[in-house]
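Thanks for coming. I will go through one structure today, starting with the ligand and then turning to the spaces in the protein.

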Amino acid sequence: MGLSRSVEGLGVLVTGAGSGMGRATAKVFAEVGASVAVTDIDGDAVEAVVQEVVRDGGVASGWVMDVSDQNQVEKVVDGVAAKFGQLDIVINNAGISKFVAIDSNEYLDAWTTCLDVLVTGQIRVIRAALPHLRQSDCARIVNIASTEGLGATKFASAYTTAKHGVIGLTRSLAVELGGEAITVNCICPGPINTGMTASISDADKAVFARRRTALGRYGEPEEVAHATLNFCLPASRYITGAVLPVDGGLTIKNA
Ligand code: NAP
């Protein structure tokens with residue numbers, strides 16, 4: 001593959017691709033010629049994204065996949081590899097968010113769900129994908145964490161712990177899989193306009209973004225998708241274990 005800047009013809013699987021950053025990621029990879037497996041827990045959302053990609057001239061295949069369902073993950077990952085004849089790139093994006101105080105009655109449920117979907121979900125997909133990635137000349141894993149993996153927000157300890165875990169997982173697997181030329185990198189999005197932040201009013205978003213980010217605004221899902229694509233280029237083969245904030249400068253702004 002050399003130091004090409006093209007992912008044309010590669011097989012890409014995106015989790016949580018029915019909405020937000022996953023949807024944007026599926027569309028961006030399809031625009032540059034990759035074959036994209038659109039996977040999500042919500043079948044209607046999957047179908048809608050597949051139709052958008054195909055309408056725009058891209059190659060996409062839709063799959064219902066709940067990352068907390070071990071059997072389904074194994075079946076879908078193998079099914080995608082069989083359909084495309086290869087699976088080169090995995091984007092672990094599926095997510096949920098929970099804000100729960102440590103002493104609330106709902107806390108342990110939120111903790112279990114966050115760890116299961118956000119961390120174990122990524123592990124399930126990676127374990128299922130590994131035999132296929134090992135056949136690729138451009139094997140790439142990108143895990144979506146959060147700026148909550150680098151800092152903390154009140155009442156988000158279950159989510160925050162999980163996102164810190166995604167960074168640890170990324171670094172560990174970068175070391176473990178480096179000898180096989182499989183790169184593992186991680187993106188830490190800041191505040192992004194997606195389904196996850198849709199319930200926050202525009203006025204509250206504007207106040208937060210002006211106060212907390214260097215760029216003074218929320219980000220768009222496509223801006224994260226392009227950072228993800230950069231990690232997956234054949235030319236990015238010497239980048240592994242990296243943790244990249246895509247946060248409008250949130251993590252570097254003191255005042
Ligand atoms: P989003 O618009 O809600 O998209 C997340 C997608 O994942 C949804 O389609 C969701 O389906 C799906 N999903 C949820 N549970 C799933 C499961 N068990 N298996 C498969 N799919 C599942 O949110 P987003 O902001 O794009 O989130 C993408 C990633 O970015 C997440 O990992 C999130 O933690 C992270 N992130 C987001 C922000 C932000 O500001 N938006 C910031 C930092 C990090 P349903 O809608 O049916 O639940």
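**The ligand and its surroundings**

Around the ligand there are 27 residues, and the closest are Ser 19, Met 21, Asp 40, Tyr 159 and Thr 194. Please keep in mind that this is a predicted model.

What kinds of residue make up that shell, by class? The shell around the ligand has 14 nonpolar residues, 10 polar ones and three charged ones. Two helices to look for are α1, residues 20-31, and α5, residues 157-177; each supplies at least two residues of the shell.

Now to individual contacts. Asp 40 has a polar side-chain atom 2.6 Å from an oxygen atom of the ligand. With Met 21 the backbone is involved: a polar backbone atom of Met 21 is 2.8 Å from a ligand oxygen. Asn 93 also uses its backbone, with a polar atom there 2.9 Å from an oxygen atom of the ligand. As for how covered the ligand is, it exposes 890 Å² when taken alone, and the protein buries 86% of that.

**The largest pocket**

Where does the ligand sit? It sits in the largest pocket. That pocket holds about 1,200 Å³ of space. Its lining counts 50 residues, and the closest to the pocket centre are Ser 97, Tyr 159, Thr 194, Met 196 and Thr 197. Tyr 159 and Thr 194 were also named among the closest residues to the ligand.

Several elements give two or more residues to the lining of this pocket: α1, β2 (35-40), α4, α5 and α6 (202-212). Which of them gives the most? That is α6, with four residues. By class, the pocket lining divides into 22 nonpolar, 20 polar and eight charged residues.

**The cavity**

How many cavities of 30 Å³ or more does the structure hold? One. The largest cavity has a volume of about 30 Å³.

Its lining is made of Thr 15, Val 67, Asn 92, Asn 93, Ala 94, Val 117, Gly 121, Gln 122 and Val 125. Helix α4, residues 107-133, provides the largest share of the cavity lining, four residues. Helix α4 is also one of the elements that line the largest pocket.

Conventions. Residues numbered from 1 in each chain as written. Predicted model: local features only at pLDDT ≥ 70, side-chain atom pairs only at ≥ 80, totals over all residues. Heavy atoms only, no water. Near = heavy atom within 4 Å. Polar contact = N/O pair within 3.5 Å; in protein donor to acceptor, adjacent residues only side chain to side chain. Areas by Shrake-Rupley, 256 points an atom, 1.4 Å probe, with all protein chains shown as cover. 1 Å grid on protein atoms, 1.4 Å probe; cavity = no way out; pocket = protein on both sides within 12 Å on 5 of 7 lines; lining within 4 Å. Sits in = over half its atoms within 2 Å of the grid points. Nonpolar A, V, L, I, M, F, W, Y, C, P; charged D, E, K, R; others polar. Points joined across faces, edges and corners; volume = space filled by probe spheres on them.
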